[in-house]
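Hi,

Here is the structure I promised to pass on. Have a look first, and my notes follow below.

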Amino acid sequence: MRRRTRLGVALLLAVAVPLSTVACGTEPDEPAPPAQAPAAVQVGNTHNDADVRYLQMMVAHHEQGMQLVRLARTRAQQEEIKIFAAAVEATQGDEVTMMRSWLGTWSEPTTVDHDPGAHAAHGGLPATGAEQIAALEEASGAVFDRQFLNLFVGHQHNAVEMSQREAQEGANPETKDFARRVQESRADQIAQMLALLNG
Amino acid sequence: MAIRKIIAYPLAAVAAAAGSTLAIQSPAAAHGYVSSPPSRQALCAQRAVPDCGPIQFEPQSVEGPKGLKSCDGGLSQFAVLNDNSRNWPARAVGDTVSFSWTLTARHRTSTWEYFIGNTRVAVFDDGNRQPEAVVTHQVDLSRFPGRQTVLAIWNIGDTPMAFYNCIDLNVGGGGGTPPAPTPTPTPTGVPTQEPTVAPTQTATATEPANPGQTGAPTGAAWAAGVAYRVGDEVTFDGKRYRCRQAHTAIRSWEPSPFTLALWLPA
């Protein structure tokens, strides 16, 4: 874990310098982000199947997460949860745009065939799926806050797990660096949410 | 070894959902832990207890064979969870406690058990169903006043495995949580709304006037843990940035081309 983090810093520096930020059209099915269209970070061509799979899964995973934070942004009782949710919505919205543009660069589809949460038959659903989102929609008050935090902590643990796999199996430097950023930011978000949960 | 197994399962599920031909790992490993009141692994992930080792990155992974009575599920890499010399903070709770779980894989469930010492104080039978969206159990601990360590166990329905949590409590030590329709796991008069931290989304303050939380004079170096508000300015890597979205800073949320939703060059 530590080893990976140090490596990641080097990668970030390597990536950050040549980055060109290119204005990119807002996705038609994306709800309006807080401000203007997000910029995209460009991706190099070297990549493998693990990179493609990771980005496709993360796009789908992010979209479920966006449904949770959109609910929390307006419905949470604690103001800190609203602020947290709005910031996650803003950053993950840009991440989705970026991941789609990368998949587009590689001429790969940006969607997976199935809802990753719709496979009860496989015996171990990920943290969040349509059922859990529907349950959250019905909650209110302090129960809403507790449900959101527990669901979103689990959701972000899943993001860390997928990103660990990308770090091991991926080949594209930008995607692996993105996976490192996801691991760091989600671990810190989890810490924040556990603190909110336990006052 | 454990790490490989831990990450393999949920990924296999998602990959299968993606139409991949990857073989599904079997038996599947489910994952979860008690988030509130915080289990020892939750305290590690929250970093309320430092230097926990690898458990801080995967509090959901304390998996061992059924029937153990240990905090670490018999996993040597998580032995810190058994170390009572760590002075795990005991959460003050009322006589009835709401235990909430965070699940990262929703496996079919046999039972949820709660022990104090060798006494099973509660059991909830899920009948081999998939868990609810959020699992919360009300447990009456009135017979066990004072400092206690509760062992909470999630017994998986279709594997021989279980997930183990130790939760340190001071029972009857504060903030009773009566089993009301909306139980609040928050004990001891901690307000759920903090009037001191109420920056609204529309705020356009240019001066970070909250010395307690914010503590960042305009243009100060960006730092993780600081609560930034819209209009706050920081310096990062020799450049100046203005916050456009209120947030508490974390790693990877520093100003960069990845975080234009949070920061724009000033």
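In chain A, the axes of helix H5 (residues 141-169) and helix H6 (residues 173-197) come within 8 Å and cross at roughly 155°. Axes here are lines fitted to C-alpha atoms, for helices over the stretch in contact, with angles running from 0 to 180 degrees between N-to-C directions. That makes H5(A) roughly antiparallel to H6(A) (the label applies to angles over 145 degrees). Their contact includes 14 nonpolar, seven polar and five charged residues.

This is a predicted model, where local features need pLDDT of at least 70 and side-chain atom pairs count only at pLDDT 80 or more, while totals for chains, interfaces and linings use all residues. Residues are numbered from 1 along each chain as its sequence is written, and chains are lettered from A and ligands numbered from 1 in the order in which they are written.

Helix H4 (residues 130-138) of chain A also packs up to H5(A): their axes come within 9 Å and cross at roughly 160°, so these two are roughly antiparallel as well. Gln132(A), Ala135(A) and Leu136(A) of H4(A) meet Gln147(A), Phe148(A) and Leu151(A) of H5(A) (contact means C-beta atoms, placed from the backbone, within 7 Å). By class, that contact has four nonpolar, two polar and no charged residues (Ala, Val, Leu, Ile, Met, Phe, Trp, Tyr, Cys and Pro are nonpolar, Asp, Glu, Lys and Arg charged, the others, Gly among them, polar). Helices (H or I, at least four residues) are DSSP runs, numbered from the N terminus.

Cheers

Technical notes
Parallel < 35°, antiparallel > 145°, perpendicular 65-115°, else oblique. Contact = placed C-beta atoms within 7 Å.
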